[in-house]
Amino acid sequence: MKKVLSLILILLLALTACGTQEKEETAAPEENKTEEGTNAAKENENTREYTAEDEKFSKLIIEKKYDEVVKETVSLKSESQKDFYYIASAFIKNNENQTKTYDPADLNGQKTDYQVIVNYLNRAKFVPDEIKVEVDGLKKSAEEKVAEIESQESK
């Protein structure tokens, strides 16, 4: 009985070690944490060619037709659709936050709602120049709101 238990324990340990090593090997090539690599990746993201689809969705964002953008991009088939889905979703969430009443005692709900906006905008890899100021302003105000709530929580 002891021999069987020992054998099972050794096999489990060996399988766990092999699985962990394989996971590390596959994850390593994807990660490029150097500052140069990060900056180069950001430059590539923002230099995507501006398409007719981008132009169409940008105009809808300017016209504040966020629901229409979400409806047309919900399939997330192209990079353009993904970016505009995230951008429009962030603006929709911001509008919801503006009309929502929060319990003053529960700051976590409000913080979470504003963090959702920041997360959506962080996922957008390409923001056209014509809406960049508006998107950056939304992101900055959401980040400030999260920081403000965090400082209130720590008091």
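Contact here means heavy atoms within 4.5 Å. Notes on the structure follow.

1. Basis. This is a predicted model, in which local features need pLDDT of at least 70 and side-chain atom pairs count only at pLDDT 80 or more, while totals for chains, interfaces and linings use all residues. Residues are numbered from 1 along each chain as its sequence is written, and side-chain values use heavy atoms, with hydrogens and water left out.

2. Val 118. Val 118 sits in helix α6 (residues 107-123); helices (H or I, at least four residues) and strands (E, at least two) are DSSP runs, numbered from the N terminus. Val 118 is buried at 5% relative accessibility. Buried means under 20% relative accessible area, exposed over 50%, and partly exposed in between (1.4 Å probe, protein chains only). Not counting residues up to four places away in sequence, Val 118 touches Lys 139, Ala 142 and Glu 143. Ser 141 lies 23 residues from Val 118 in sequence, and their C-alpha atoms are 9.3 Å apart.

3. Overall make-up. The protein has seven helices and zero strands. Of its 155 residues, 27% are buried. Take the contacts between residues at least 6 apart in sequence: 63% of them join residues at least 24 apart. The accessible surface is about 11,000 Å², and carbon and sulfur atoms account for 54% of that. Areas come from the Shrake-Rupley method with a 1.4 Å probe; for residues, only the protein chains shown count as cover.

4. Aromatic pairs. The whole structure holds four aromatic pairs. Phe 57 and Phe 84 have ring centres 5.5 Å apart and planes at 45°, so this pair is tilted. Rings of Phe, Tyr and Trp (its six-membered ring) pair if their centres lie within 6.5 Å; planes under 30 degrees apart count as stacked, over 60 as edge-to-face and the rest as tilted. The Phe pair links distant parts of the chain: Phe 57 is in helix α3 (residues 52-62) and Phe 84 in helix α5 (residues 79-99), 27 residues apart. Both Phe 57 and Phe 84 are buried. The rings of Tyr 85 and Tyr 86 are edge-to-face, because their planes stand at 70° with centres 5.9 Å apart. Tyr 85 and Tyr 86 are both buried. With Tyr 120 they form one aromatic cluster.

5. Helix packing. Helix α4 (residues 66-73) packs on α5 at an angle of about 145°, with axes 8 Å apart. Axes are lines fitted to C-alpha atoms, for helices over the stretch in contact, and angles run from 0 to 180 degrees between N-to-C directions. Residues of α4 in the contact include Tyr 66, Val 69 and Val 70; those of α5 include Phe 84, Tyr 85 and Ile 92. By class, the α4-α5 contact has eight nonpolar, four polar and two charged residues. Ala, Val, Leu, Ile, Met, Phe, Trp, Tyr, Cys and Pro count as nonpolar, Asp, Glu, Lys and Arg as charged, and the others, Gly among them, as polar.

6. A buried lysine. Lys 93 is in helix α5. Lys 93 is buried, with a relative accessible area of 17%. Leaving aside neighbours within four places in sequence, Lys 93 contacts Asp 113, Val 116 and Ile 117.

7. Positive phi. Most residues other than glycine have a negative phi. Lys 64 has phi near 60°, a positive value. Lys 64 lies in the loop between α3 and α4 and is exposed, with a relative accessible area of 53%. Leu 76 has phi near 55°, also positive. Leu 76 is in the loop between α4 and α5 and is partly exposed, at 28%.
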